[in-house]
Amino acid sequence: MLRSCTAGLRSIWALRGRREGAPRLSMDLQPARRLFSTEKVIHKDWALPNPSWSKDLKLLFDQFMKKCEDGSWERLPSYKRTSTQESEDFKTYFLDPKLVEEERLSQAQLFTRGFEDGLGFEYVIFKNNDEKRTVCLFQGGPYLQGVPGLLHGGAMATMIDIALGSCTGGAVMTANLNINFKRPVPLCSVVVINSQLDKLEGRKLFLSCNVRSVDEKTLYSEATGLFIKLDPEKSST
Ligand SMILES: CCCCCCCC(=O)SCCNC(=O)CCNC(=O)[C@H](O)C(C)(C)COP(=O)(O)OP(=O)(O)OC[C@H]1O[C@@H](n2cnc3c(N)ncnc32)[C@H](O)[C@@H]1OP(=O)(O)O
């Protein structure tokens, strides 16, 4: 779900307060099933600053929010739970009730948003629709460690997948992801993922990105991805 940046700016301080406060889950002591029900959750936007964000991340965030003011860029909100529209988009293809119990599905959440503030994936994505590109600001927390003191390559791959996916629209799936890890990323540092749509060929979207340090001096990774727009005539399950 995209939202205009102007609206984002208007409500950002209110949302900051919400993010930093207690989770807005229903606390009416209903059974767990109701607690996890999407109807009962007030969706919180996680792509907003919280106290764990480093100075670098906050600075870059503020710079991009400024770029949003003329409408050329927009900040993409991010939610733990899939929106009703997204669920509908994918239901046709994947949600075979025989494969996933409704109970389990009601607990589902985006795994990059499943960590306490600062421990896992802290990120925000800005999109330039005209230029078909996005910039993802990412700070990988201590629970994403691979080699001691360094970010796990799988965590980087996850963020690359999400960053590339943010250049697409509608119901798409990653078909191919190629990553060259050139330099290790220090744990808890901030990296910038620049992604772009290179080519659209029928249902195939060819994308690429690079991952750099905030000062742009270090190139950590380069990647290409192929995403496929799902065909409504086909079901993948
Ligand atoms: C907000 C949250 C963001 C989260 C982002 C998360 C993104 C993900 O993690 S997605 C999960 C990982 N990906 C998957 O599980 C996908 C599994 N694969 C699939 O379901 C299917 O293979 C799918 C949907 C990608 C394509 O299937 P289908 O729609 O039947 O397409 P299909 O007809 O096989 O191929 C279409 C075209 O793509 C090409 N293609 C498909 N796969 C590949 C591939 N791996 N490499 C190269 N080309 C490919 C085909 O050759 C064909 O080309 P052409 O049209 O020129 O003949």
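Reader: Hi! Which residue takes a positive phi in the hairpin of S2 and S3?

Author: That's Lys132, with a phi near 50°, in a hairpin that has four residues between the strands. Strands here are DSSP runs of E, at least two residues long, numbered from the N terminus. This is a predicted model, where local features need pLDDT of at least 70, side-chain atom pairs count only at pLDDT 80 or more, and totals for chains, interfaces and linings use all residues. Residues are numbered from 1 along each chain as its sequence is written, and side-chain values use heavy atoms, leaving out hydrogens and water.

Reader: Thanks! How many bridges join S2 to S3?

Author: Eight, and the two strands run antiparallel; strands pair if DSSP finds at least two bridges between them. Phe121 has Gly140 as its bridge partner in S3. Strand S1 (residues 74–76) is also antiparallel to S2, joined by three bridges, with Glu74 opposite Lys127.

Reader: Is S2 (residues 121–128) buried or exposed?

Author: Eight of its eight residues are buried, so S2 is largely enclosed by the rest of the structure. Buried means under 20% relative accessible area, exposed over 50%, and partly exposed in between, using a 1.4 Å probe on protein chains only.
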